[in-house]
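Here is a short briefing for a reader who is meeting this structure for the first time.

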Amino acid sequence: MMNNSIGFKIKKLREQKEISQEDLAFHLDVSQSYLSKIENGAIEKLDFIFMQKISDFFKVEPQYFLEGDTIVNNNIETSTNSAVGNIGDTTINTTDQNLLENVINNQHHINQLMEVQNRLIEKLLKD
């Protein structure tokens with residue numbers, strides 16, 4: 001059975017990009033030992049801002065870390081539990097535009113929610 005933990009996915013992305021744990025930790029502004037604990041599953045609860053940094057660094061959607069195996073921008077993973085892989089090309093072509101528009105709209109809403117959440121977190125930290 002494939003391990004789909006967040007730490008496992010971070011490690012897999014890091015290895016695909018041939019980046020050392022030390023370099024990634026530096027880019028994410030965390031210690032190498034902290035990153036190691038995340039990758040080996042000792043730390044499972046990660047804060048939102050950290051997840052956003054990882055997503056930005058690897059150019060993946062934050063949702064990628066919460067799903068089963070999914071297809072990433074550059075096909076790092078192959079889909080094993082997604083219905084998308086089973087749809088014929090003709091079906092995809094007719095729905096591409098609507099799907100793309102929905103994704104863009106959803107991303108806009110997600111970004112707005114993330115900004116609000118970040119502001120709330122900052123406010124809570126200041127109080």
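Contact, as the word is used here, means that heavy atoms lie within 4.5 Å. The model is predicted, and the protein chain has a mean pLDDT of 76, with 72% of its residues reaching 70 or more.

**Confidence**
- Among the elements of the protein chain, the highest mean pLDDT, 95, belongs to helix α2 (residues 21–28), whereas helix α5 (residues 89–126) has the lowest, 72.
- Over residues 69–94 pLDDT stays under 50, and for this stretch the model has 25 contacts beyond four places in sequence.
- Where pLDDT is low, the predicted coordinates should not be read in detail.

- In soluble globular proteins, nonpolar side chains tend to be buried together.
- The largest nonpolar core here has 17 residues, and those with the most contacts inside it are Ile10, Leu24, Leu46, Ile54, Phe58 and Phe65.
- At least two residues of this core come from each of α1, α2, α3 and α4 (48–58), and α4 supplies the largest share, four residues.
- Leu46, when its neighbours within four places in sequence are left aside, is in contact with Ile6, Ile10, Tyr34, Ile38 and Met51.

**Charge pairing**
- Side chains of opposite charge can pair when their charged atoms come close.
- The structure holds one salt bridge, formed by Glu39 and Arg14, whose closest N and O atoms are 2.6 Å apart.
- This pair links distant parts of the chain, since Glu39 lies in helix α3 (residues 32–39) and Arg14 in helix α1 (residues 6–16), 25 residues apart.
- Both Glu39 and Arg14 are buried.

Key: Residues are numbered from 1 along each chain as its sequence is written. This is a predicted model: local features need pLDDT of at least 70, side-chain atom pairs count only at pLDDT 80 or more; totals for chains, interfaces and linings use all residues. Side-chain values use heavy atoms; hydrogens and water are left out. pLDDT is the predictor's confidence in each residue, from 0 to 100. A salt bridge is a side-chain nitrogen of Lys or Arg within 4 Å of a carboxyl oxygen of Asp or Glu. Buried means under 20% relative accessible area, exposed over 50%, partly exposed in between (1.4 Å probe, protein chains only). A nonpolar core is a set of buried Ala, Val, Leu, Ile, Met, Phe, Trp, Tyr and Cys residues joined through side-chain atoms within 4.5 Å.
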